[in-house]
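Colleague: I would like a close look at the aromatic rings in this model. Please take me through one part slowly, with the cut-offs spelled out.

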Amino acid sequence: MNILNLQDIEQEAALRLDSNALEYYRGGAADELTLRRNRSDFDDIVLYPRVLRDVSHRSLRCTLLGQTFDMPIGIAPTAMQCLAHHEGERATAHAAVAMNVPMILSTTSTIAVEDVAQVEGVQLWFQVYVYKDRATTQEIVQRAVHAGCTALVLTVDAPYLGKREREARIGFHLPEHLCLPHYTRLQAAHVPAHQGESGLVRHFAQNIDPALTWNDILWLEKISGVPVIVKGIMRADDAIQAAAYGARGIIVSNHGGRQLDTVQSSIRALPAVADAVGHC
């Protein structure tokens, strides 16, 4: 197949992936209203192009947190990429280098941060979940910084995992040949199957701290010494609060429609957040 766009990639993935991986990757929360809204609202955006403006010299280069990238696009944290291919997150890092964009590595990566960071030229940020065992979080964060990650991306919209019916139907689990190398301290490096339930739901319920507060932004910056970006903001007032507590960046996100169904799309939430803190 001649791969030309994202739709081609999705179609090819449906042919190649087993149902365990496919339903995990493409599913959303509950009735998937927000999942569909993310796409439809983006499709509704129209452009009003100007003409005769001399576009012989063009550049999308931008600077974020002191790093220069070829375009204002980054690779979002996506968990368990080895479900799709044995190179997993390592392959994604090579793609990030080729495009000169930042890559955010998920805490639930199937390849350790130290190994991904060895990809020459990768500009790596690290996504963080805060665990009930705070010593575990501190250890993972310090591993990431030591490996070369230059920013932390704190996910704030997942105190509990969303109701993902696709995963429950198939009993989502991590195959035995894969593990989550950042979770060894928790003895939760594997996500086993459970009858009628996603193994990931149980994993989150057992390990993720639902008592997260704004003060944890300050704590993460203190233990890491690198900038903290907050991912999962959907409201202007929350964005203002994040900035007040020292967040160096905000990612407007509804977790790809995978957490709380019926919320607005990320693209619809973006203007209000940008107006509130875009020049902070």
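Which residues do ring pairs link into a cluster with Tyr24?

Modeller: This is a predicted model, in which local features need pLDDT of at least 70 and side-chain atom pairs count only at pLDDT 80 or more, while totals for chains, interfaces and linings use all residues. Residues are numbered from 1 along each chain as its sequence is written, and side-chain values use heavy atoms, with hydrogens and water left out.

The cluster consists of Tyr24, Tyr25 and Phe172, linked by ring pairs. Rings of Phe, Tyr and Trp (its six-membered ring) pair if their centres lie within 6.5 Å, and planes under 30 degrees apart count as stacked, over 60 as edge-to-face and the rest as tilted. The structure holds 6 aromatic pairs. In one of them, the ring centres of Tyr24 and Phe172 are 4.6 Å apart with the planes at 15°, so this pair is stacked. Because Tyr24 belongs to helix H2 (residues 19–26) and Phe172 to the loop between helix H7 (165–170) and helix H8 (199–207), the pair ties together parts 148 residues apart in sequence; helices here are DSSP runs (H or I, at least four residues), numbered from the N terminus.

Tyr24 is buried at a relative accessible area of 5%, and Phe172 is likewise buried at 0%, where buried means under 20% relative accessible area, exposed over 50% and partly exposed in between (1.4 Å probe, protein chains only). The ring of Tyr24 also has the charged end of Arg258 sitting over it, 4.8 Å from the ring centre; this term requires NZ of Lys or CZ of Arg within 6 Å of the ring centre and within 35 degrees of the ring normal.

Definitions and conventions. Helix = DSSP H or I, 4+ residues; strand = E, 2+ residues; numbered from the N terminus.
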